[in-house]
Amino acid sequence: MSVLAPPEPALTPVYSYPDALPHVPTHYCPGCTHGIAHRLIAEVIDEMAAKERTIGVASVGCSVFAYRYFGVDFAQAAHGRAPAMATGVKRVRPEALVFTYQGDGDLASIGAAEILHAAVRGEQITVFFVNNAIYGMTGGQMAPTTLLGQTTTSSPAGRDRATMGTVLRMSELLAQVDGAAYVVRRSLHDVVQIKRAKKAIRRAFEVQEQGLGFTMVELLSSCPTNWGMTPEAALGYIRDEMVPAFPLGDFKVPETRAEAGA
Amino acid sequence: MTFDLIIAGFGGQGVLFAGQLLAHAALDAGLETTWYPSYGPEMRGGTANCTVVISDAPIGSPITERPQAAIVMNLPSLVRYEPLVRPGGVLVVNTSLIDRAVERVDIDAIAIPADDVAAELGNPKLTNMVLLGALLARTSALTTAQVGATLERVLPARHHHLLGANHAALARGAELATEAAARNATPTA
Amino acid sequence: MARELLKGNVAFAEAAIRAGCEAYFGYPITPQTEALEHMAVRMPELGRTFVQAESEVAAINMVYGAAAAGVRTMTSSSSPGVSLMMEGLSYMAGSEVPAVVVDVMRGGPGLGNIAPAQSDYTQMVKGGGHGDYRQIVLAPASVQELIDHTVLAFDLADRYRIVSVVLADGSLGQMMEGAELPAMRPPRAADASPAWALSGAKERDTNLISSIHLDPDEEERFNHHLQAKYAAIEAAEIRHEEHLLDDASIAVVAFGTAARLVKTAIAGERAAGVAVGLFRPITLWPFPTDALRDLSERVEAILVVEMNMGQMLEDVQRVVAERCPVGFFGRTGGVMPMPEEIAARIRALATQLGAAVSDAPEEVRT
C-alpha cells in the first residue's frame with residue numbers, strides 16, 4: 001500500500017516513454033548516449049505518427065539489440081550491411097519509413113562501401129550514425145573515427161598517424177555525393193545539442209518522406225566504459241576532443257529548404 | 001539423325017549469328033537444337049566460334065570434339081578445325097581470307113570466296129550468309145528455303161529491307177557450293 | 001507458350017519474372033551477366049525492382065532486405081561473386097527468409113576463368129557460410145530445366161522459408177536451346193505478404209527478422225528447429241532422374257551439364273553393347289541418398305563424372321559405402337569432359353568388369 005499515492009487529477013504527465021520505445025531495460029552501459037539517441041528517434045516517430053509504417057535495420061556493435069528497444073518492425077543486418085539491407089526493404093516497401101542505426105565501426109569501417117553506395121544511389125532511407133570513436137561491443141578497439149593519439153586496446157600507445165591513419169569524417173565524405181539529400185552532424189553531449197539533434201532527426205525523416213534522397217544524421221556519442229571515464233567526463237570529452245575533430249553542422253541540406261545554423 | 005557443326009572466324013564476321021539462325025531454323029522445323037558459343041574475351045575482336053547441334057531426338061552434349069561439318073572464316077579457324085572434321089564430313093572454307101588449301105582428302109572441302117561474293121552482292125556483311133548457304137547445299141540437315149523463312153521471322157523488322165540480299169546470299173552460296181562439289185568430283189591434272 | 005530458342009541466362013531471368021519475382025539485385029560477372037541485363041530491362045518495365053549493387057556482398061544483403069520485407073526476390077552471380085555472398089546466405093538461413101540464388105559456375109579457384117565448371121558443389125551443397133545450415137540446391141541440365149528449376153526454386157523457398165539455389169554453369173548460361181517459358185504469374189498482392197514479414201506493425205505486434213540468439217541454449221533450440229525443417233525437406237523434396245538403368249551393370253552418376261555430356265557418351269556405349277545408364281541427382285541437397293543406395297545394390301560399378309575434381313564424389317562414396325566400386329572421372333578448371341573421353345572411361349570400366357568382376361579394377365577407387 002502506497003502512502004504516497006499521487007493526487008492524480010492535479011498532475012499532468014510531462015515525461016513518459018514514447019510509444020515507439022517500449023519500456024524495456026536496455027543493455028547499454030551507464031552513461032552511454034545510445035539511450036538518448038534511441039529516445040529522440042522514438043519521440044520523432046511518435047510525433048510523425050509513423051510507428052505503424054516504420055521499419056528499422058539494426059547493425060552489429062553495441063546497437064546490435066536496437067530492435068529490442070523500438071516498437072516498430074525491425075531487421076538485424078550483418079556487420080556493415082545495414083544500408084544494403086535497408087535498400088532491399090525500402091525498394092519493395094516504398095511507403096515505409098526506413099532507417100538504419102549504425103555505429104562507427106559498422107558504418108565507417110566494414111560497411112564503408114555499403115554506406116557510400118546507398119548514398120550514391122540516393123536511397124530513400126535515413127541513417128543514424130552513432131559515432132563514439134571506438135568499437136564498443138568488442139571492448140574498445142580503434143575505429144576509423146578514433147582520434148589521433150587516442151588510446152584504445154588496439155592502439156595502446158595512441159593512434160599513430162604514420163601507421164594507423166587519421167580520422168575518417170563520414171558526414172563530410174557523404175555530403176560530396178550527389179545522391180545524398182541531407183547529411184548533418186550533431187552531438188549528444190548537452191541539452192542544447194540534444195534538442196538540435198532531435199530537430200535533425202525529424203528533418204531527416206521528412207526529407208526521406210519527400211523522396212529527396214539519402215539522409216544521414218551523425219550523432220557524436222560517448223563511451224564511458226571503453227574511454228575509461230565517468231559519464232560526465234565522457235560528455236566533456238565529446239565537447240572538448242571530439243567536436244574539434246568532427247565539427248558539428250549541416251554538410252548537405254535540400255536546396256529548396258536550407259536550414260539555418262546547426 | 002544428329003548433325004553437329006562448328007562455325008569459326010573473327011569476332012564481327014557474324015559467326016555467332018549464323019549459328020543462331022541455323023538453330024532457330026532447326027527449332028522451326030520441329031527439331032531439337034543447341035547453340036553453344038565461345039564467350040568472353042574472345043567475343044571482343046578475337047576469334048569466335050559456336051557449335052550447333054541439330055537432332056530429331058533430345059540432345060545430350062552441346063559440344064563436340066569431331067564435328068560433322070565446319071565453316072571456317074579465317075586462317076586460324078582452318079588450322080584449328082580442319083583436323084577435327086569427321087571423315088566424310090563437310091568443311092566450308094572462306095577463301096577470301098584463307099590462301100592455304102585444305103590438305104585433307106577424306107572430307108568434302110568447299111572453297112567459297114565469301115567476302116568477294118558478299119561484296120558482289122553489295123553488302124560485305126553477307127559473308128556469313130554466303131557460307132551458310134554453301135553449307136546447307138552440302139548437308140541434309142536443313143534447306144536454304146527453311147533457313148530463309150526463319151530469317152524472315154527472326155530478323156528484326158527494322159532490318160527487313162535486307163531480307164532480299166540475305167536470301168540472295170544464301171542462294172549464291174548454295175550455288176557456288178554445288179559447283180565446287182562438281183569440280184571436286186572431277187579429278188584435275 | 002510455344003517453344004523458342006532461348007539463351008540460358010535470359011531464360012532463367014525471364015522465368016523468375018514469370019514466377020513473380022518482384023525484386024532483383026545483382027552485380028555483373030561473366031558468364032551470367034545477360035541475366036542481370038535482362039532484369040535491367042524487364043523489371044522496370046513491369047514496375048518491379050532492379051538494383052545493380054556495388055558488390056555481391058551488397059547484392060545479397062539487398063536480397064536479404066527485400067526477402068525480410070516479404071517479396072519474392074533473387075540474385076544471380078557466378079562463382080567468385082557467390083563466394084562474396086556467403087555471409088549473407090548464412091544470415092538468411094539464420095533468419096529463415098526465402099530467396100533464390102542462381103549460380104552460373106565458372107572455373108576456379110580464385111579469379112579462375114569464365115569457362116563452365118561445377119566446382120561450387122561443396123560450397124553450395126555443404127554450406128559455404130558459417131553455421132549449420134542447408135540450402136535447397138537444384139541442378140538443371142538443360143535450358144528448359146533452368147527455367148523450370150528457377151520457378152520451382154521460388155516455390156520451394158516460400159514453402160520452407162529457405163534459400164533455394166539453382167546451380168547452373170557457364171555452358172548452360174551461355175547456350176541457346178529450345179525451351180518453353182511458363183505463363184506469367186501475378187506477383188503476390190501487397191496485402192498478402194507473409195505474416196512474419198516486415199511491412200510496418202499496423203494492427204499487429206512488431207515483426208523481427210534476425211539471426212541472433214545470444215543465449216546458447218536458445219541458439220541450440222533454434223538449430224534443432226532448423227534441422228527438423230531440413231528433415232522435412234529431405235522427406236519430401238528429393239528429385240533425381242534414372243536413364244537406361246533398368247538393365248545396367250554400370251551406372252554413371254553425374255549432375256547438370258556433366259550429366260548431359262554423359263548421356264551422349266552412354267548413347268554410343270549402349271550402341272556398342274555396354275549395359276550402362278545414368279543416375280542424375282536433380283536436387284543436390286537434399287541428395288537422393290536412398291535411390292542411390294538402392295542402385296548401388298543393383299549395379300556392378302559406379303562411375304562419377306563431374307566438372308570438378310570429385311566434390312559430389314564424396315557424397316556418392318558416403319552413400320554407396322562398400323556396396324560396389326566407385327570410380328571417378330573429372331575435368332576441371334573450366335574444361336568440359338568430352339563425351340568421347342567419358343565413353344572411353346565407361347568402356348575401360350566395362351572391359352575390366354568383364355575380365356574380373358570380383359576384383360576392383362585398377363582405375364576404380366573404392
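**Entry 1. Chains B and C**

I looked up where chain B meets chain C, and found 17 residues of chain B in contact with 20 residues of chain C. Two residues are in contact if their C-beta atoms, placed from the backbone, lie within 7 Å. The model is predicted: local features need pLDDT of at least 70 and side-chain atom pairs count only at pLDDT 80 or more, while totals for chains, interfaces and linings use all residues. Residues are numbered from 1 along each chain as its sequence is written, and chains are lettered from A and ligands numbered from 1 in the order in which they are written.

I then asked which elements of chain B give two or more residues to the side that touches chain C. They are α1 (15–28) and β2 (32–37) of chain B. Here helices (H or I, at least four residues) and strands (E, at least two) are DSSP runs, numbered from the N terminus. I noted that β2(B) gives the most to this side, with six residues. By class, the side of chain B that touches chain C holds eight nonpolar, seven polar and two charged residues. In this scheme Ala, Val, Leu, Ile, Met, Phe, Trp, Tyr, Cys and Pro count as nonpolar, Asp, Glu, Lys and Arg as charged, and the others, Gly among them, as polar.

**Entry 2. A sheet across two chains**

I followed β2(B) and found that it pairs with strand β8 (residues 176–179) of chain C in the antiparallel sense over two bridges. Two strands pair if DSSP finds at least two bridges between them. In β8(C), Glu177(C) is the bridge partner of Thr34(B).

I traced the open sheet of eight strands and wrote down its order as β6(B)-β5(B)-β4(B)-β1(B)-β3(B)-β2(B)-β8(C)-β1(C), with mixed pairing. At the edges stand β6 (108–112) of chain B and β1 (4–7) of chain C; each has a single partner strand, so one side of each is left without a neighbour in the sheet. From one strand to the next, the twist averages 20°. The bridge partner of Ala70(B) in β5(B) is Leu91(B).

**Entry 3. Chain B by itself**

I recorded six helices and six strands in chain B. Along the sequence they follow the pattern β-α-β-β-β-α-β-β-α-α-α-α. For 189 residues, a compact globule would have a radius of gyration near 16 Å, and the 15 Å of chain B agrees. The radius of gyration is taken over C-alpha atoms, and the globule rule is 2.2 Å times the number of residues to the power 0.38.

I looked at how helix α5 (residues 144–154) of chain B packs on helix α6 (residues 163–185) of chain B: the angle is about 160° and the axes are 10 Å apart. Axes are lines fitted to C-alpha atoms, for helices over the stretch in contact, and angles run from 0 to 180 degrees between N-to-C directions. The two helices are therefore roughly antiparallel, a label for angles over 145 degrees. The residues in this contact include Val147(B) and Leu151(B) of α5(B) and Leu170(B) and Ala174(B) of α6(B). I counted the contact by class as six nonpolar, four polar and one charged.

**Entry 4. Chains A and C**

Two bridges join strand β2 (residues 73–76) of chain A to β9(C), and the strands run parallel. Ala75(A) has Ile209(C) as its bridge partner in β9(C). Chains A and B do not touch, and their nearest C-alpha atoms are 28 Å apart.

**Entry 5. Chain A and details of the backbone**

I noted 10 helices and seven strands in chain A. Its C-alpha atoms fill a box of roughly 65 × 45 × 35 Å, taken along the principal axes. Ala49(A) has a positive phi of about 50° although it is not a glycine, and is found in the loop between α1 (34–47) and β1 (54–58) of chain A.

Key: Parallel < 35°, antiparallel > 145°, perpendicular 65-115°, else oblique.
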